[in-house]
Amino acid sequence: MDMAAESGVLKQHLIDPEICIRCNTCEATCPVQAITHDSRNYVVDAAKCNLCMACIPPCPTGSIDNWRTMPIVRAYSVEEQLTWDSLPAELTTDELAASGVAADAEPAVEPVAPSLPAAVSGETAFSSAQYGTTLPPWSAAHAYTNLYGPKAADKSVTATVVGNVRVTEVGKQYDTHHIVLDFGAMPFPVLEGQSIGVVPPGVDEQGRAHHARQYSIASPRNGERPGYNNVSLTIKRVLEDHSGKPVRGVASNYMCDLQVGDKVQVIGPFGSSFLMPNHPKSHIVMICTGTGSAPMRAMTEWRRRLRASGKFEGGKLMLFFGARTKEELPYFGPLQSLPKDFIDINLAFSRTPASPKRYVQDLMRERAADLAPLLADPNAYFYVCGLKAMEEGVVLALRDIAKQAGLDWDTIGTALKKNGRLHLETY
Ligand SMILES: Cc1cc2nc3c(=O)[nH]c(=O)nc-3n(C[C@H](O)[C@H](O)[C@H](O)COP(=O)(O)OP(=O)(O)OC[C@H]3O[C@@H](n4cnc5c(N)ncnc54)[C@H](O)[C@@H]3O)c2cc1C
Ligand code: SF4
Ligand code: SF4
């Protein structure tokens, strides 16, 4: 940040640790890498943040939208912010005056208007995150968000576990569960593509209450069991960290071990852009790995129910789904029973013995002839969810498919972003 010394005061961008659900969206969005995190907090480096505002709309909780007028010499450091459990109060006029800041002093840097990232106009290196939209499809239903949370009137809602079954083959190390939560008489309206936060009981190593973990909803808007006030989740038991070191993930193990009848504290719902189009003949292309299948299951099931009602004419549904082996692919069995004229399923396995490794982007390239017209079609919406590592390869595959079909990627990439057509949610 260019901290113009004349005024001696800056508008410091801060994240509220009480509301933040540590979803990483802001860090993935920030074009200048001003956001960083440790195992506890997400924080903004005042020396890097240029107040471009790109991180504000995608934040599911609003925790990113906090500002403090600070004397430049007293700006909160990254190290200091990482220790916070709550935001500090605004400095009083007296405190500002004691630091030599006049009451009417203007912050040195004002926010600049949000603009399309440079990569969309082709000026810098390829970055998948810059093509992801923060807008819902124009025909998406209205999403309710943040009905329950640390700062909402109702802090959390108690849900009851009404189902918990394993959806990957028993005996394999990869253990994923389909968990159904019922909210009883508490209102909890959701849409496909939204997520909830689960608050694990107990405290962390520092004795602080565990922060909520986010899980995508795997059921359609009218419930896993239609007509009941319930949602389903697809949760992978985390037994090793991203580098393969053994760990016991707090929330995922808590959830996978729950018994029917147990109570769970839930916040949310979250998310107002990763939503499905509702207009007739709209096409949906779903690209996922592992538990990234949860929102895809929700969207597919909603379209299946609409089709069964005979009152809605959907467009194409294409699914590209990757896992190491078929035994590790959640919902492998039920997927096989979906009619071929309803959904076009493409499965990629990267660790099947005696078979070459195949990833979702390999399958996408094989289906380029079908994907290129959809890229050019304003009624086609693309959803990517799953491992962070897949995101770049998938968006690069979309770019190459467009280019090979003679389409102008700058135009297509800009349209995907501006028209709420390319949704990226990787973690
Ligand atoms: C938008 C969003 C949607 C999500 N949806 C789902 C979902 O539908 N299903 C689901 O299972 N998870 C989902 N997650 C991930 C989930 O929120 C948790 O991060 C995950 O369950 C691990 O939490 P934990 O408390 O078990 O592990 P923690 O105790 O938080 O972490 C333990 C260690 O494991 C590492 N770790 C964290 N997550 C993973 C992982 N996935 N694989 C390997 N190592 C990991 C951490 O870095 C840490 O070192 C989603 C995350 C986001 C941001
Ligand atoms: S306002 Fe812009 S520069 Fe600052 S943290 Fe957000 S995205 Fe990054
Ligand atoms: S909740 Fe908002 S501030 Fe917290 S990590 Fe997610 S995007 Fe960032």
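In sorting residues by class, Ala, Val, Leu, Ile, Met, Phe, Trp, Tyr, Cys and Pro count as nonpolar, Asp, Glu, Lys and Arg as charged, and the others, Gly among them, as polar. By this scheme the shell around ligand 2 holds 10 nonpolar residues, two polar ones and no charged ones. The model is a predicted one, in which local features need pLDDT of at least 70 and side-chain atom pairs count only at pLDDT 80 or more, while totals for chains, interfaces and linings use all residues. Residues are numbered from 1 along each chain as its sequence is written, chains are lettered from A and ligands numbered from 1 in the order in which they are written, and side-chain values use heavy atoms, with hydrogens and water left out.

The protein has 10 helices and 15 strands, where helices (H or I, at least four residues) and strands (E, at least two) are DSSP runs numbered from the N terminus. Its radius of gyration is 23 Å, close to the 22 Å that the globule rule gives for 427 residues, so the protein is as compact as a globular protein of that length; the radius is taken over C-alpha atoms, and the rule is 2.2 Å times the number of residues to the power 0.38. Along the principal axes, the C-alpha trace spans about 70 × 55 × 45 Å. Of the 427 residues, 51% are buried, a term that means under 20% relative accessible area, with exposed meaning over 50% and partly exposed in between (1.4 Å probe, protein chains only).

The shell of ligand 2 consists of His-13, Cys-30, Pro-31, Val-32, Ile-35, Val-44, Cys-49, Asn-50, Leu-51, Cys-52, Met-53 and Cys-55, a residue being near a molecule if one of its heavy atoms lies within 4 Å of it. Among these residues, Cys-49 is buried, because its relative accessible area is 7%. The space that ligand 2 takes is the largest cavity, a cavity being a set of points, on a 1 Å grid over the protein atoms alone, where a 1.4 Å probe fits but cannot get out.

The second largest cavity is the space taken by ligand 3. Around ligand 3 there are 14 residues, of which the closest are Cys-20, Cys-23, Cys-26, Cys-59 and Thr-61, and by class this shell has nine nonpolar, four polar and one charged residues. Cys-20 counts as buried, because its relative accessibility is 11%. The structure holds zero disulfides, a disulfide being a pair of cysteine sulfur atoms within 2.5 Å.

Gln-33, which is not a glycine, has a positive phi of about 50°; Gln-33 is placed in the loop between α1 (25-29) and β2 (35-37) and is exposed, with a relative accessible area of 55%. Asn-146, likewise not a glycine, has a positive phi of about 55° and is found in the loop between α3 (93-98) and β5 (157-166), but Asn-146 is partly exposed, at a relative accessible area of 28%. Further on, a cis peptide bond with an omega of about -10° joins Gly-268 and Pro-269, and Pro-269 belongs to strand β10 (residues 263-270).

Glu-79 lies in helix α2 (residues 78-81) and is exposed, because its relative accessible area is 56%. The C-alpha atom of Glu-79 is separated by 39 Å from that of Asp-410, a residue 331 positions away along the chain.

Key:
On a 1 Å grid over the protein atoms alone, a cavity is a set of points where a 1.4 Å probe fits but cannot get out, and a pocket is an open set with protein on both sides within 12 Å along at least five of seven lines; lining residues have an atom within 4 Å of a point. A molecule sits in a cavity or pocket if more than half of its atoms lie within 2 Å of its grid points.
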